[in-house]
Amino acid sequence: MFEPIEPYNSGFLKVDEIHTIYFEEVGNPNGRPILFVHGGPGGGISESSRQYFDPKFYRIILFDQRGCGKSIPSAEIKNNTTLDLVSDIEKLREHLNIKEWILFGGSWGSCLSLIYAILHPKQTKGLILRGVFLGRKEDNFFLYQEGTSYFSPDGFDSYISFIPKEERNNMIASYHKYLNSDDLDIAYKAAYHWAKWELSNVAINTLPDLESILEDNKANLELARLENHYFINDIFLEDDNFILNNIKKIKDIPTIIVHGRYDLICRPIGAYLVHKNLNNSKLYILPAGHSSKEEAIANKLIEATEEFKKL
């Protein structure tokens, strides 16, 4: 990965009467614009998010989606839908006077990037996608109800232990009640278990600092409450298969897809289906899990940003 770099520009953009989003720019102010679209929803950006791009070539734009990171208010689910986030990306593009850009999105960020591209193809010069997530009911069921549970039974026991036995037939719905409890202590406990389940499956090897990461109640609640909010509402799209049903609108946009063969968060079939429906796509399925920080994934993502210098 490229050396850490500090933003040359950062600020806040008020996007509606409730939400204000944080954004930053690093790299070359006159370089090719590329937007980092983080996962979650609610995952936020970090300093390492800046390190996948050559700062001499790219104008790198990063932002915290509604309700997370430095965006305010924290963990707010009102006025927080997929189309709201797409609108925010457009407002940010216009605010920064960018005509078109490359989108670099992982996990939920890949889903949001694809939806943005479908709705704004003329503004999308290219797509780099990692850990493709299609946002369908079956994708959420696999992770939160039955699927990943077969590969991580010990972690699944911990995840369901927070929910009373009689409420476990729909884990997303059950967690929704506790994550939005008026008792903040209950909400924090629910968020801890939700976030622990996800983070314990994010890489082939368990994160060595997992428990220290989970000490951040604010970050846990943003990730858990916002993910749950989106998934209980089927990511706020009437069409459960919106991306694949509309993918012809972006079939010729240059796309590079990177996915871990052993990804327990987002199944490789999602990446394969996107690739098969595009005319100008490259797919790399690697011996890795879900995390963008796994060596094989990180290396291939950097290769992708290097290749896209030719666009």
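Predicted model: local features only at pLDDT ≥ 70, side-chain atom pairs only at ≥ 80, totals over all residues.
Q: How is the packing of two helices described, and what are the values for α7 and α9?

A: Two packed helices are described by the angle between their axes and by the distance between those axes. Here, helix α7 (residues 184-199) and helix α9 (residues 217-232) have axes that come within 8 Å and cross at roughly 80°. Because angles of 65 to 115 degrees count as roughly perpendicular, α7 is roughly perpendicular to α9.

Q: Which residues of α7 and α9 meet?

A: On the α7 side, the residues are Leu184, Ala187, Tyr188, Ala191, Tyr192, Trp194, Ala195 and Glu198. Their counterparts in α9 are Asn217, Asn220, Leu221, Leu223, Ala224, Arg225, Glu227, Asn228 and Phe231. By class, this contact has 11 nonpolar, 3 polar and 3 charged residues.

Q: How many aromatic pairs are there, and what is the geometry of Phe36 and Phe104?

A: Rings pair if their centres lie within 6.5 Å, and planes under 30 degrees apart count as stacked. The count comes to 20 aromatic pairs. For Phe36 and Phe104, the ring centres are 5.7 Å apart and the planes lie at 25°, so this pair is stacked. The pair links distant parts of the chain, with Phe36 in strand β3 (residues 32-37) and Phe104 in strand β5 (residues 101-106), 68 residues apart. Both Phe36 and Phe104 are buried.

Q: What is the geometry of the pair formed by Tyr144 and Phe231, and are these residues buried or exposed?

A: Tyr144 and Phe231 form a tilted pair, with 5.8 Å centre to centre and 40° between the planes. Tyr144 belongs to helix α3 (residues 137-144) and Phe231 to helix α9, 87 residues apart, and the pair links distant parts of the chain. Buried means under 20% relative accessible area. Tyr144, at 2%, therefore counts as buried, and Phe231 is buried at 6%.

Q: Which residues form one aromatic cluster?

A: Tyr144 and Phe231 belong to one aromatic cluster together with Phe133, Phe156, Tyr159, Phe162, Tyr175, Tyr178, Trp194 and Trp197.

Q: Which residue lies over the face of Phe142, and which over that of Tyr284?

A: Arg267 lies over the face of Phe142, at 5.3 Å from the ring centre. Lys300 lies over the face of Tyr284, at 4.2 Å from the ring centre.

Q: Where is Ser110 found, and what does Ser110 touch?

A: Ser110 is in helix α2 (residues 108-119) and is buried, with a relative accessible area of 0%. Leaving out residues up to four places away in sequence, Ser110 touches Gly105, Leu129, Arg130, Gly131, Val132 and Phe133.

Definitions and conventions. Residues numbered from 1 in each chain as written. Heavy atoms only, no water. Axes fitted to C-alpha atoms, helices over the stretch in contact; angles between N-to-C directions. Helix = DSSP H or I, 4+ residues; strand = E, 2+ residues; numbered from the N terminus. Parallel < 35°, antiparallel > 145°, perpendicular 65-115°, else oblique. Contact = heavy atoms within 4.5 Å. Nonpolar A, V, L, I, M, F, W, Y, C, P; charged D, E, K, R; others polar. Phe/Tyr/Trp six-rings, centres within 6.5 Å; stacked < 30°, edge-to-face > 60°. Buried < 20%, exposed > 50% of the residue type's maximum accessible area, 1.4 Å probe, protein only. Lys NZ or Arg CZ within 6 Å of the ring centre and 35° of its normal.
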